Amino acid sequence: MTDLPSLTFDGDRSRSDAELLRLQECATEPIRIIGRIQSHGMLFGIDEATGVVVVASENAEHWLGRPLRDAGSEMLTWAIGHGSAVDPVRADFEGAAYDVIAHRGTSPLLIELEPIIPDLDYVRTGVVGAIQRLAGISDPDELRRQAAREIKDITGYDRVMCYHFHDDGHGAIVADEREPDMEPYFGLRFPASDIPVQARALYIEKRSRLIAHTDDPGLALQTLLPEDAPVDLGTTELRAVSPHHLQFMRNMGQASTVSFGIVIDDRLVGMFTCAHRTPRRVPVLLRRALEVMATQVGTQLAAAEQIRRLRRQLEARERRIAIIAPIYGRTDVGSVLMSGEHTVLDVVPADGALLRLGDAVHTVGVVPATDRLLAVVDELGAGRLLWEALPLERPELAVEVPGVTGLLVVPLGGDGDTLVFVRSEVARSVDWLGDQRAENRDHPLSPRRSFSAWRESVTGRSLPWGEHAQDAFDLGEEIRAAIVGRTQAELAELALRDALTGLHNRRFLDDRLDELLRGSEKAVAVVFLDLDDFKLVNDTYGHEMGDAVLAAIGRRLSGVARGSDVVVRLGGDEFVLVCVDAGPAEAAAIAGRALAAITEPIVVRDAEIRVNASAGIVAAERGIAPGALLAAADAAMYRAKGEGGGRVSA
């Protein structure tokens, strides 16, 4: 189900304060050391060193100070010595049959006796078939509904609900199997205080909880222990019920309940709750079987969630790649992200987005005045990056950006580089399990009087960012990585380029020749070019003019070279053309075109400058080293100079 915002009741501060008060009150209630049990069973605390009963419920207090082995029940004695809570033992005690639950590791050793229910003794066998039928369901909603239906059929309770707990503590009823004459609860929400934190924590230790009768006054525990040694009943079956919760149940029309926790990775993510309008009790062996079913449901829900998350992550990654990939080219980063075929709004659904990179600001979609938005973002600071109710939480800033309710700020490093997503208000309705207003309670700490569905309008909020927040932060990481990768690639490219002409340099030439001469079957020829008497240009016009002439010659050589050729400036006034897939004749033709291009007048600052060049050509022979090939071409060039210059020599 779609996540709702945190239940702080921003529109009604008094409700928010009352909810906080209820949570605080529930947190202090001593539900583990309540000192009473439900009256349908017996509880004993046994000193394991002596075997003597040191704690007993008041319906068995005559056993205080005596060993239970005196009862003459061999199975009871065996259960005390070897039994476990997860696997109750059937035993006779004082003329009746009981299921005996031994809680190993407690001090004193706690032993519970629950009378058997003959009519339901073998109902648990139906759980096996139910688990088999549920095993093939992969859709989470259908799984919860079908599991609730199966539990209702097995237990006979009037209503079986499945709860789902959201991260902020509030819950939702995601399945509701009920008798036809009962009010529907499916889809309703309830606040965290309905099932407070410490009550939920008990379901991690103990996966089920039975309340047999809301009007049961319970039985007190009698003890031989010191007064400052209360008995922890947290994991027991018979632990009595908080008076507040009993009133809550009665207000809901529930005379009895049994609940089963859905636990995933040691987190209580949901619960099956069976409710009946009259007192009802199911045997402990059936509860154990249904605990197994709830565990199976939890395992299937975890698997379905993992598959959903992986699919979603893959889809989100593909959307990010489509946007990020062009950054590695030479296109403008802002244009790529904000106005390309795909934009950042394809990754994070929002009304608009703003990108600040250095002094440049780009936007896409509907965005308020950029200077105001950036001022608000800067004022909010880096401590919090996600906002869903800006007008409620920071009204003094919200007025600066009218229409913006949700903000998601993604820092990109650098000096204030930022990607900001904005969302407008979305009014929604929330259906609650009972009117949440104070008028529906006797006082702030009491349970709601009515649990009929109550609809509340939620305003002043955007849609929750939810998983899209992580998408945005992942996008930010990949934008940073792409910018860094692009910068590194540009630096690496610069290391292989001549800064003056933009041509490849000697380092690149050595690598390329080595690659061609070792791994290519194509013919390779080298043209070595040197400008004739270029020193006169520098002496006459100055080095700045000379550099301009060299840059112009570099452009001309690039113009006469073929697409497969490599044009290199070795340094000074020396250039090399590597002609790939060319023999001596074709290389000579390229060299001739190069000399002709060089001799054309070069105009720099209204001065017309003429230069000549000499060229040497060498065709590579099999096995020749790059250095030897360049040396041979250099020697050929000097032969051309010796013959008067301005010519080609082989």
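1. Two strands are said to pair when DSSP finds at least two bridges between them. In this predicted model, strands β12 and β13 meet that condition, since nine bridges join them in the antiparallel sense. Within this pairing Phe-260 stands opposite Phe-272 of β13, and in the hairpin that β12 and β13 form, with two residues between the strands, Asp-265 takes a positive phi near 55°.

2. Strand β12 also pairs with β10, again in the antiparallel sense, and here over four bridges.

3. As for burial, nine of the nine residues of β12 are buried. Ser-256, Val-258, Phe-260, Ile-262 and Ile-264 point one way from the strand, whereas Thr-257, Ser-259, Gly-261 and Val-263 point the other way, and all of these are buried.

4. Strand β4 runs antiparallel to β5 (residues 96–103), to which five bridges join it, and the bridge partner of Arg-90 in β5 is Asp-99. In the hairpin of β4 and β5, which has two residues between the strands, Glu-94 takes a positive phi near 50°.

5. Among the helices, α3 (residues 126–134) has Val-127, Gly-129, Ala-130, Ile-131 and Leu-134 buried. The elements that cover the buried residues of α3 include α4 (140–155) and α7 (284–324).

6. The structure holds one cavity of 30 Å³ or more, and about 650 Å³ of space lies in the largest cavity. Of the 38 residues that line the largest cavity, Asp-194, Ile-195, Pro-196, Ala-199 and His-245 are the closest to its centre. The lining divides into 18 nonpolar, 12 polar and eight charged residues. Both β12 (256–264) and β13 (267–276) are among the elements that each supply at least two residues of this lining, as are α1 (13–28), α5 (197–205), β10 (208–211) and α6 (243–251).

7. On the cysteines, the structure holds zero disulfides. Cys-274 is in no disulfide, and the nearest cysteine sulfur, that of Cys-162, is 11 Å away. Cys-274 counts as buried because its relative accessible area is 0%, and Cys-579 is likewise buried, with a relative accessible area of 0%.

Technical notes: Residues are numbered from 1 along each chain as its sequence is written. This is a predicted model: local features need pLDDT of at least 70, side-chain atom pairs count only at pLDDT 80 or more; totals for chains, interfaces and linings use all residues. Side-chain values use heavy atoms; hydrogens and water are left out. On a 1 Å grid over the protein atoms alone, a cavity is a set of points where a 1.4 Å probe fits but cannot get out, and a pocket is an open set with protein on both sides within 12 Å along at least five of seven lines; lining residues have an atom within 4 Å of a point. Grid points are joined across faces, edges and corners, and a volume is the space filled by probe spheres set on the points. Ala, Val, Leu, Ile, Met, Phe, Trp, Tyr, Cys and Pro count as nonpolar, Asp, Glu, Lys and Arg as charged, and the others, Gly among them, as polar. A disulfide is a pair of cysteine sulfur atoms within 2.5 Å. Buried means under 20% relative accessible area, exposed over 50%, partly exposed in between (1.4 Å probe, protein chains only). Contact means heavy atoms within 4.5 Å.
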